[in-house]
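Subject: Handover of a structure

Dear colleague,

Please find below the structure that I am handing over to you.

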Amino acid sequence: MSIKETAQAVMKKAVQIAPDALMPGGAPDPLIRQKHGLIGTPVSRLDGPQKVSGTARFAAEFPMEGMLFATLKYSTIPKGKITNLDIAAAAAAPGVVLVMTHHNAPRMKPAPAFMSSAKAAGGDDLPIMQDAEIHWNGQPVAVVLAETQEQADYAKTLIGVTYETEPAVTAFEVAKADSEPGVFQGEPLLLEIGDADASLAAAPHKVDAVYRTPRHSHNPIELHAATVGWDGDHLLVHDASQCVTHTAWSLAEVFGIAEEQVHVTSLFVGGGFGSKTLWQHQTLAAAASKLAERPVRLMLSREGVYRIVGGRTLTEQRMAIGAQGDGRFDALIQTGVVAMGRHNNMPEPFILPARSAYQAGSFRLDVEAAKMDMVANTFMRAPGESVGTFALESAVDELADNLGMDPIELRIRNEPEKDPTTGAPFSSRHIVEAYRAGAEKFGWAARKAKPGTHREGEWLIGMGCATATYPYYRMPGGAARITLTADGRANVKIAAHEMGMGTSTTQTMVTADRLGLAMECVSVDYGDSHFPGVVLAGGSQQTASIGASVAAAYRKLITELLKLAGKDSPLHGLDADEVIGRDGHLCKSDELERRESYVSLMARIGREELTAEASAPPPLEFTHWSMHSHGAMFCEVRVNAITGETRVSRFLGSFDCGRILNPKTAASQFRGGIIMGLGLALMEETQFDERNGRVMNPSLAEYHVPVHIDVPEIDVIWTDIPDPHAPMGAHGVGEIGITGVGAAVANAVYNAMGRRVRDLPITLDKTLPELGLVP
Amino acid sequence: MSININGSPTNLPSDTRVSLLDLLRDHLNLSGTKKGCNQGACGACTVLVDGERILSCLALAVQYEGRSVTTVEGLSTNGLLHPLQQAFIDHDGFQCGYCTPGQLCSAVGMLREVRRGLPSNVTNDLEGESITLTRDELCERMSGNLCRCGAYNGIVYAITEFAETTK
């Protein structure tokens with residue numbers, strides 16, 4: 001263990017054994033007790049009217065004076081050197097203002113790769129159009145700027161590139177021979193407790209199989225885009241971003257300017273799912289704009305997104321469980337290999353769910369990364385959990401079948417009392433309640449325990465279930481600013497993001513409840529790097545990060561307000577922790593009639609406005625407690641016995657994610673995750689040509705995502721039990737929905753046809769042989 | 001050479017390569033109509049031409065000389081939301097909102113197709129007098145409009161409610 005690792009381990013242990021009271025969340029957020037506010041009521045999106053009327057402006061929709069249109073040309077080899085770039089015809093084409101290549105691009109540093117430092121946003125840390133080297137098939141080799149998009153796109157076709165190809169590793173089997181231990185968030189993924197191999201060998205019941213998941217692409221419908229312009233040495237970027245502060249800092253590093261000189265806005269984002277971070281296009285647009293001395297709009301084509309924005313990588317997972325006759329797990333083994341780019345660090349951590357899902361006598365969990373010459377793979381909705389739960393929860397289903405037990409009962413039998421691998425107490429874990437409620441509502445009792453025995457005409461019908469799980473995270477750096485005005489209104493500013501999660505609406509509700517103001521008296525501004533806070537829209541952590549930041553700013557604001565109000569105020573002598581907001585007033589929390597309105601308080605202090613900015617406390621709570629969201633997924637499928645076609649006919653998700661802040665938008669998050677999970681189960685695959693490292697289906701015609709006709713009505717229910725240690729008692733709900741779905745579908749397919757598919761997606765080529773319809 | 005967009009006559013571009021979508025977005029700053037693939041696979045660019053839904057990314061602007069185009073900006077009148085727009089808000093028929101303009105225009109055009117009795121792939125009775133807008137009929141007919149956020153359930157509720165109130 002290195003000195004750094006030892007220090008980290010010591011810190012972690014100290015946080016684990018520290019008294020609860022010293023932890024953030026040690027005292028429950030007062031909002032958890034409040035029962036009559038906006039929290040928990042279904043509120044329609046505040047930005048709804050803009051979105052349905054077409055007035056919401058996305059990144060590529062900001063007109064700028066003198067703006068040029070950009071297009072990119074991509075390499076067609078996976079590794080080697082550009083030996084010749086013929087741009088003469090393109091440069092002379094009508095309307096063309098600039099052709100930028102490595103010959104004339106300004107000198108720039110590589111973008112700091114994501115997770116390499118607190119505000120690093122880069123998908124990789126490769127040079128950006130600085131030399132002749134090619135690192136992946138699809139790397140940008142030229143940027144064309146023209147007066148219109150049509151002129152730019154045409155001119156691009158006139159560019160000639162010749163390459164000297166070098167040997168590349170583009171086949172997974174070759175890369176696997178040279179894989180290395182996966183390191184995630186600074187820590188090795190390998191975890192061993194006891195002798196899992198020996199326990200497995202000795203166990204009377206076992207499953208031991210290999211599960212595979214392919215590459216996936218996020219495919220937000222909004223294409224990645226940036227509209228950029230320079231004002232002297234200040235850069236303005238209208239981006240589609242889930243990390244505005246990270247992007248501003250990282251672009252400043254690239255161009256060698258101060259962070260404050262880069263202004264990134266991103267008010268509306270047309271979906272992200274992990275993909276809308278800093279890739280080469282923003283930098284290239286800014287560089288070209290600098291050379292041309294004019295603003296630039298660069299919207300990637302759909303193919304362009306596949307070429308330069310990475311997706312989820314493939315996984316090959318060995319999953320083994322050894323159990324006693326009563327179902328108790330003796331051994332839990334989940335190990336395997338993922339493909340990873342050479343210039344990023346994202347070893348898809350598929351073992352994360354197994355760290356806390358079940359009690360077991362022994363564990364061996366490990367991920368190896370096999371480096372390949374390919375576009376950098378990256379985070380995609382529930383990185384690790386989405387594909388890890390496929391193997392884990394399929395294996396549990398296989399074991400239940402092997403033991404002749406109901407799969408829900410088998411899961412409950414292995415329910416841990418505390419975190420099975422860290423020993424930390426759970427902050428809030430009500431998965432058994434979620435299973436019971438879900439089974440009841442779904443009609444699980446009607447499932448035929450013997451697979452392949454329920455047929456209606458051509459259709460084989462089956463039911464399956466699986467556990468969903470995703471951690472509670474809160475990342476460092478959260479901060480917010482609240483301004484209270486003389487008319488009793490409040491405004492929050494925070495560099496957070498709204499990609500459709502409902503953040504802006506939900507945080508307006510939460511802030512209104514915290515201050516005791518009506519919703520229409522509160523506004524929340526976000527999506528701007530000049531606002532306070534480093535708030536990644538990722539890891540389902542925004543809700544907690546914003547919640548804790550606003551709570552800190554609120555406390556500072558109220559402290560200041562009470563101090564300034566002086567001894568004539570009825571609240572004199574109270575501190576911020578002794579008051580709560582109600583109906584436009586601050587009230588003594590245990591004596592509500594002792595109160596004063598914000599309007600009166602502001603008049604008393606003689607200010608037009610009062611502003612407070614504060615940072616959230618360090619996020620120690622999820623080390624001190626084991627904090628996770630949970631769910632029980634139920635699926636009914638119909639597999640056609642003649643064609644092999646699989647249709648999902650019913651789906652129910654029963655969630656345990658703390659308190660649900662806005663049932664309307666949370667339900668959409670759950671359903672949206674589940675639907676992406678149906679895609680993962682049945683159709684999604686980024687096809688990678690192992691001969692040359694090129695994505696073969698870079699379009700929405702050939703990469704299939706679920707469409708209207710693929711999606712049944714999806715029922716979602718939740719326990720609504722607050723997590724006493726989380727801000728507002730809530731967990732983020734953006735990622736939990738996709739987890740467990742792959743296994744729930746695969747388990748239902750098994751129950752329908754009596755044959756197991758362990759290789760996603762479950763397409764016809766996999767069901768037909770199992771049905772005996774093709775050899 | 002003129003085209004009517006949301007009731008206003010507009011000059012057609014001299015560059016015949018300009019798609020109807022790029023005319024709207026890049027040349028007229030009518031950015032309500034969205035680009036999601038530029039190859040007819042996602043439906044985000046759906047607009048109505050003389051009441052029929054088309055994919056504006058697969059249409060050259062000059063082909064539509066003299067025709068009337070309605071975009072999402074043209075659905076609302078005098079600043080009042082179209083009832084289908086309101087139904088999308090009420091039923092949370094979107095998350096990020098990027099596919100929404102296409103879903104809205106597509107739904108308006110789709111309901112006219114149903115009223116005209118045009119069959120779909122899931123219509124059992126091809127000789128029937130009228131089409132019943134079952135859930136399957138609706139979903140089949142809307143399947144050209146992708147929503148990656150997965151707001152499909154809300155979209156279906158919204159369209160169903162609107163269709164019932166305007167029968």
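Contact here means that heavy atoms lie within 4.5 Å. Please note that this is a predicted model, in which local features need pLDDT of at least 70 and side-chain atom pairs count only at pLDDT 80 or more, while totals for chains, interfaces and linings use all residues. Residues are numbered from 1 along each chain as its sequence is written, chains are lettered from A and ligands numbered from 1 in the order in which they are written, and side-chain values use heavy atoms, with hydrogens and water left out.

I begin with chain B. Its domain assignment gives domain 1 (2-74) and domain 2 (83-165); such bounds come from an automatic or database domain assignment. The C-alpha centres of domain 1 and domain 2 of chain B are 21 Å apart. Between these domains of chain B, 18 residues of domain 1 are in contact with 18 residues of domain 2.

The size of an interface is often given as the accessible area lost when the parts come together. For domain 1 and domain 2 of chain B, the buried area (accessible area, 1.4 Å probe, lost by two parts on being put together and summed over both) is about 1300 Å², with 52% of it on carbon and sulfur atoms.

One salt bridge is counted between domain 1 and domain 2 of chain B, the term meaning a side-chain nitrogen of Lys or Arg within 4 Å of a carboxyl oxygen of Asp or Glu. Glu113(B) and Arg53(B) form a salt bridge in which the closest N and O atoms are 2.9 Å apart. On the side of domain 1 of chain B that touches domain 2 of chain B, β3 (46-49) and β4 (52-55) of chain B each supply at least two residues. Helices (H or I, at least four residues) and strands (E, at least two) are DSSP runs, numbered from the N terminus. The largest share of that side of domain 1, three residues, comes from β3(B).

I turn next to the two chains. Here 59 residues of chain A are in contact with 53 residues of chain B. Chain A and chain B bury about 4400 Å² between them, of which carbon and sulfur atoms give 57%. Val52(A), Ile221(A) and His708(A) supply 20% of the area that chain A buries against chain B, more than any other three residues.

Five salt bridges are counted between chain A and chain B. In a salt bridge between Lys34(B) and Glu61(A), the N to O distance is 2.9 Å. Among the elements of chain A that each supply at least two residues of the side touching chain B are α2 (48-53) and α17 (663-682). The largest share of that side of chain A, eight residues, comes from α17(A).

Over all chains, 16 aromatic pairs are found; rings of Phe, Tyr and Trp (its six-membered ring) pair if their centres lie within 6.5 Å, and planes under 30 degrees apart count as stacked, over 60 as edge-to-face and the rest as tilted. Phe58(A) and Phe268(A) form a tilted pair, 5.8 Å centre to centre with 50° between the planes. Phe58(A) lies in the loop between α2 and β1 (68-74) of chain A and Phe268(A) in the loop between β14 (262-265) and α8 (280-292) of chain A, so this pair ties together parts that are 210 residues apart in sequence.

The peptide bond from Leu760(A) to Pro761(A) is cis, with omega near -5°.

Yours sincerely
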